Amino acid sequence: MQKTVSIDRELFETMPVPQAVRRFVGPSLISTLITIIYSFADTFFVGLMGDAVMVAGLTVAFPYYQLLNALASLFGVGTNAVMSRSLGEKSYDRVSKASNYGFWGGALFMVFACIVVWVLRRPLLNLAGASTESYGYALDYLKWVFLCGGIPTVLSVVMANLLRAEGHAKKGSLGLMIGSGLNIILDPLVIHLTGKAVAGAAIATLISNCVSLIFFLCIYARMRGTTYINLKPFAFRVEWRVFGNVILSGLPSGFLTILGLSGCIMQTHLYSIYSDAAVAAWGVVNRMSFVGIYMTHGVAQGVLPLIGYNFGAKNKKRVQEVNKFAFRILLVIAIVLLLFCEIFSDGIIRAFVNDAATIEVGRGIMRCYMLCTPFMSVVLLTSTLCQAVGKWQYSLIMLTVRQLAINFPVTFLLNHLIGVYGVALGQPINDVISTFIAIFVYRLCFVKAMRGMDELPEKEASAEPAETPAK
């Protein structure tokens, strides 16, 4: 029996690029803004307690929350990329298989990840810079957010990507917005009810991500019969070529977050050498840096389906136009964020931790570290664009060189030469160098990916496939 699937072909194929990008990126950025506020909520409400050690414990555990984002990106972005390219190629059976593999693969892998992280919890937290005082707070956060909340956190992000791949950007963003908004509301409530700042904030995050996943599953249940997304367990025999494409397409995004996690652990450990105040200040600065990362992620996730679809449909001109427009949007956002952090650094630190020692050290850390923002945005967007056209190798190599060959040596060297502010300067120097690498990778990737690709004749581009997607 044929099914009628709602794919807006005008949006993907013929709508003017600025308008099409806004349709995808708008909901993604709104969702990202809510997520940014949500990412600050834990630190803000814990910081109201006026205890730098609590904020330090939260900061120590936060890199392992990033690990959840890495796994979500691995399966979510990878599935999105394969689905969108397959839609452009009119390979609808592959779309269904990719969605199934991405969802259930993410669920099974998270079971394994939760067990490993909990078994190794003490060495992992000590590695991240936990002191005797902050270890208990860090453990509370890790238990609720990762062990109990890891699976719904990852699957909600995967579901958002599945919906975006089919052009349902608003629905994909709405589910994440609901979870983030609920977390902001629940944070002070649960903290008050439990009487525990860090554990209460973590429980609020757990509840919010569960609600987000339930929302997505309800959306899927209502769309069944009008979508190529297939979440039935054991619906397909594992086709390793498709599953491998999902993993390889998402590998750079997942690896990027893991590399970021390793960098965050390294920086937290170096700051812990100086004081808990330095660790607490770094926790606030790190959250501000995530504004840039999340905004980049929002733009990249917004344009990924457009690029993947038109690459699959061999529409070279439209792919290039979308890329250029995405870079323009992102650079404006990055420059505004940089200026804001440089001008209001004192007030930003004080808003989260009203402690004189933390404000003093945090001011310098923020002004040094946030110089990386526009350069980092270029690097991260380039990585996602490479994934969208299936050139994951270029992205993976670039990100590995950026973190392991440049960031680690530069940061350790500057820490030795300058001290606490040298740790902060390592990231901007790393990203300036990495921007030149990104420019080279972008040219290499897209010249090779689109060499010989000609736009399809108009009548061929509009031909209906055997299984007709209806608007």
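Biologist: At what angle do helix α11 and helix α13 pack, and how far apart are their axes?

Modeller: Before I answer, please note that this is a predicted model, in which local features need pLDDT of at least 70 and side-chain atom pairs count only at pLDDT 80 or more, while totals for chains, interfaces and linings use all residues. Residues are numbered from 1 along each chain as its sequence is written, and side-chain values use heavy atoms, with hydrogens and water left out. Helices (H or I, at least four residues) are DSSP runs numbered from the N terminus, and their axes are lines fitted to C-alpha atoms over the stretch in contact, with angles running from 0 to 180 degrees between N-to-C directions. Here, α11 (residues 276–312) and α13 (residues 345–352) pack at about 115 degrees, with their axes 10 Å apart.

Biologist: How are α11 and α13 oriented to each other, parallel or perpendicular?

Modeller: Angles under 35 degrees count as roughly parallel, over 145 as roughly antiparallel, 65 to 115 as roughly perpendicular and the rest as oblique. The helices α11 and α13 are therefore roughly perpendicular to each other.

Biologist: Which residues make that contact between α11 and α13?

Modeller: Contact means heavy atoms within 4.5 Å, and here Ala281, Val284, Val285 and Met288 of α11 meet Ile348, Ile349 and Phe352 of α13. Ala, Val, Leu, Ile, Met, Phe, Trp, Tyr, Cys and Pro count as nonpolar, Asp, Glu, Lys and Arg as charged, and the others, Gly among them, as polar; the contact of α11 with α13 has seven nonpolar residues, no polar and no charged.

Biologist: What angle and what axis distance describe the packing of α3 with α10?

Modeller: Helix α3 (residues 52–88) packs with helix α10 (residues 240–272) at about 165 degrees, their axes being 6 Å apart, which means that α3 is roughly antiparallel to α10. The residues of this contact of α3 with α10 divide into 17 nonpolar, 14 polar and one charged.

Biologist: And at what angle do α3 and α11 pack?

Modeller: The angle between α3 and α11 is about 5 degrees, with their axes 11 Å apart, so α3 is roughly parallel to α11.

Biologist: Is Asp431 buried or exposed?

Modeller: Buried means under 20% relative accessible area, exposed over 50%, and partly exposed in between (1.4 Å probe, protein chains only). Asp431, which lies in helix α17 (residues 420–450), counts as buried because its relative accessibility is 0%. Not counting residues up to four places away in sequence, Asp431 touches Cys372, Phe375, Met376, Val379 and Arg402.

Methods: Helices (H or I, at least four residues) and strands (E, at least two) are DSSP runs, numbered from the N terminus.
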